[in-house]
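Trainee: Could we go through a structure together, one question at a time? I'd like to see how each answer is reached.

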Amino acid sequence: MKKGLFIIAMFICSLVSANAQNDEVNNQTVLDLLKEGFTSEEIIGAIENSTTRVITFDINFMRQLKAAGADSSLTSYLQKIAKVDNGYEGVILWNPVGGGKPVKIYRTNFEKEQKGFNLGTVAAIAGASYGVGTLVSGRNVSGTEAAGVTAGLTLMASSGKDIQKLMIPGSKAKIVTSRQPVFRFFFKKAENESFNSEHANWYEMCMNDIQSPNEFQLIKMTVKDNKKGGRRIFPTSMSYTVAGFSGSNASTREMVNFEINTINNNTFEVTFAEPLEPGEYCFFYKSGLSNKYFQAQPFGFDFSVE
């Protein structure tokens, strides 16, 4: 009986997690969750499973957190991600359509295109809700990544065959670019060690291994429309190995070459010799099959070209 109740609870949690991945988390969201009685660990898990977050931090917000009952672990976590998110770190669209300031491209978590339980999502929410933790490679890793690695429940199998089962929900990315976009990849690990924490989450542990945009491939995704809003999947003509994507269409329409200009040791500019065709694109990590953190929750940096 207890086992049955546990499975039902996990199923409900997986549904909550799936919905959270498509929601924006901001300052007010955090305050609302605190007032509703969620713990700091649960709120941190929700933030890490959200594909878009807009967290700012100042003295006023600090006071609001205190009044809402936030403990020091949550306050410190929010300070850290606000510093990273509002600075230049990660992948930035450097020339937004219509001008203006550069736009940060937040990671998009892939989901498994299947009916029934999503074991990867269940493991993720279990870690966020129940505090599962384990020692991985000498580091005390907690939360979503720990649950996925501990239970061995990954979204992407080590053989790479599951790559065709991965999808991005929705038929269109949130970031829209022109046909000649310019991106900048920032890896400021040496300056603030934001991707080199002793108590890191799965995303930080993965990003800590990445040194250059050369470790990504840009893929033109296939769009499948349906009544639920569509989905974006990898082209069926490709295969994914420890060396990344390969196939007969390499360097043409679906696997897009880009040029890299090194600005400094931590900053790289990515441009394209030819205008991109309209469609949906995703920067995807080449070495995903050799990275246990990426296997647990594969992600990409997606954008639309109009």
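Predicted model: local features only at pLDDT ≥ 70, side-chain atom pairs only at ≥ 80, totals over all residues.

Trainee: Which strands stand at the edges of the open sheet of five strands?

Mentor: Start from the strand order, which is S4-S3-S11-S19-S18 with antiparallel pairing. A strand at an edge has a single partner, so one of its sides is left without a neighbour in the sheet. From one strand to the next, the twist averages 30°. The edge strands are S4 (103–105) and S18 (259–264).

Trainee: Nice. Which residue in S4 does Leu 93 stand opposite?

Mentor: Look at the pairing of S4 with strand S3, residues 90–93. The two run in the antiparallel sense and are joined over three bridges. Opposite Leu 93 you will find Val 103.

Trainee: On to the helices: are H3 and H5 roughly parallel or roughly antiparallel?

Mentor: Helix H3 (residues 40–49) packs on helix H5 (residues 72–85) with the axes 9 Å apart and at an angle of about 20°. Angles under 35 degrees count as roughly parallel. The crossing itself is left-handed. By that angle, therefore, H3 and H5 are roughly parallel.

Trainee: And how many nonpolar residues does the contact of H3 with H5 have?

Mentor: On the H3 side, the residues are Ser 40, Ile 43, Ile 44, Ile 47 and Glu 48. They meet Ser 73, Leu 74, Tyr 77, Leu 78 and Ile 81 in H5. Sorted by class, two residues are polar and one is charged, while the nonpolar ones number seven.

Conventions
Residues numbered from 1 in each chain as written. Heavy atoms only, no water. Pairing = 2+ DSSP bridges. Helix = DSSP H or I, 4+ residues; strand = E, 2+ residues; numbered from the N terminus. Axes fitted to C-alpha atoms, helices over the stretch in contact; angles between N-to-C directions. Parallel < 35°, antiparallel > 145°, perpendicular 65-115°, else oblique. Left-handed = near helix turned anticlockwise from the far one by under 90°. Contact = heavy atoms within 4.5 Å. Nonpolar A, V, L, I, M, F, W, Y, C, P; charged D, E, K, R; others polar.
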